[in-house]
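Subject: A structure for you to look through

Dear colleague,

Here is the structure I promised to pass on to you, and below it I have written out what was found in it. Please keep it open while you read.

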Amino acid sequence: MAPNLGKKLTGLVAATFTPLTPQGEINLSEIGPYIDFLIEKQGVYNIFVNGTTGESVSRSVEERKTVTEEWCQKAKGKMKNVIVHVGCMSLTDSQELARHAAEAGADGIAVISPSFFKPSTADALRKFLQEVASVAPTLPFYYYHLPAVTGVNLQARDVLEGIEKLIPTFRGVKFSGRDLMDFGQCVHFSQPDWSLLYGVDEQLLAGLALGANGAVGSTYNYLGRHFTELIVAFEEGDLSKARNIQFKMQELLCYALQLGFDVGVNKQLMSELSGLSLGPPCLPVLPCPPTIAIAIAERYHSLFPAK
């Protein structure tokens, strides 16, 4: 997986869960089977490691390095892209993880905004991103925009203003906000070699209509093949089929939200649907009662019956 700054990231990207043992320790043995499941059952060939779904901010730097190494090693020759999220509250830690991702063979790195001491301006955030990107000059770099979680309510369009001059390796944004006007402006003013990756799974069709050329999300771990059908239908102009798939996913999520959907529930649902043993979430997120994941899985099977 040699880095290639000319390779544009497109299509579905699964934001991976981090497998843990029942005791909460990193469980590397599940990563190989996890990759096989994504490829063979979901048709997903790109992954986003150590992001929000992977609970990276709840793990130590050393644990994140260990997880990165295993994903990169097991994905070699199988996956098209392994993008590693290296964002931390500390610039030093982010740089350490960026260097390590390059050494481990990642195909790109992404960075979210610090969220304790928050950048007050787009310029401040660009400077932070620049400092991280500078220590991994061979890797494509992506900005991870997630204002609902970080509380950093800067417009992504403002953050991207002139960013290619500061970060020559900048290759796009993982836009996980719900502000479609902001996303549209990012698309409108983007460079030809950037990837505009939409990150709100339940609104993917809207993102595609505005010009997204890829998507990063947690539900692509187990809904990947259905979302691929959505993308193909959109590209072929079959909006009725694309809407039908999107509406079914929204119905599933609405049901899950009524039961208390969070990363712990999502992780248990993935275990239920995949047969993988992904373990519990990290505290303070509580484990999902099995009955809840089973109920959501049953709703999934009713909405997306096996063909």
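Which residues in α2 meet which residues in α3? Before the reply, a word on the model: it is predicted, so local features need pLDDT of at least 70 and side-chain atom pairs count only at pLDDT 80 or more, while totals for chains, interfaces and linings use all residues. Residues are numbered from 1 along each chain as its sequence is written, and side-chain values use heavy atoms, with hydrogens and water left out.

**Helices α2 and α3**

On the α2 side, Val61, Glu62, Arg64, Lys65, Thr68, Glu69 and Cys72 meet Asp93, Glu96, Leu97, His100, Ala101 and Ala104 of α3, where contact means heavy atoms within 4.5 Å. Sorted by class, these residues of the contact of α2 with α3 are five nonpolar, two polar and six charged; here Ala, Val, Leu, Ile, Met, Phe, Trp, Tyr, Cys and Pro count as nonpolar, Asp, Glu, Lys and Arg as charged, and the others, Gly among them, as polar. Helices (H or I, at least four residues) and strands (E, at least two) are DSSP runs, numbered from the N terminus.

Two packed helices are described by the angle between their axes and the distance between the axes. For helix α2 (residues 61-75) and helix α3 (residues 91-104), the axes come within 10 Å and cross at roughly 20 degrees, which makes α2 roughly parallel to α3. Axes are lines fitted to C-alpha atoms, for helices over the stretch in contact, with angles running from 0 to 180 degrees between N-to-C directions; angles under 35 degrees count as roughly parallel, over 145 as roughly antiparallel, 65 to 115 as roughly perpendicular and the rest as oblique. The crossing of α2 and α3 is right-handed, a crossing being right-handed if the near helix is turned clockwise from the far one by less than a right angle, and left-handed if anticlockwise.

**Helices α12 and α13**

From α12 the contact takes in Val265, Gln268, Leu269, Glu272 and Leu273, and from α13 Ile292, Ala293, Ile294, Ile296, Ala297, Tyr300 and His301; by class, nine of the residues are nonpolar, two polar and one charged.

The loop between α12 and α13 holds Gly275, which is exposed, with a relative accessible area of 65%. (Buried means under 20% relative accessible area, exposed over 50%, and partly exposed in between, with a 1.4 Å probe and protein chains only.) Pro284 is also placed in the loop between α12 and α13, and a cis peptide bond with omega of about 15 degrees joins Leu283 to Pro284.

Most residues other than glycine have a negative phi, and most peptide bonds are trans. Asn50, however, has a positive phi of about 65 degrees, and Glu55 has a positive phi near 55 degrees. Asn50 lies in the loop between β2 (46-49) and α2, and Glu55 is found in the loop between β2 and α2. Asn50 is buried at 3% relative accessible area, and Glu55 is buried at 6%.

**The nonpolar cores**

In soluble globular proteins, nonpolar side chains tend to be buried together. A nonpolar core is a set of buried Ala, Val, Leu, Ile, Met, Phe, Trp, Tyr and Cys residues joined through side-chain atoms within 4.5 Å. The largest one has 88 residues, and those with the most contacts inside it are Val86, Leu129, Phe141, Tyr143 and Leu204. Apart from it lies another core, of twelve residues, including Phe48, Tyr144, Leu197 and Val216.

Cys88, in the loop between β3 (81-85) and α3, counts as buried at 9% relative accessibility, and among the residues it touches beyond four places in sequence are Arg64, Asp93 and Leu97. Gln246, in helix α11 (residues 239-258), is buried with a relative accessible area of 4%.

With best wishes
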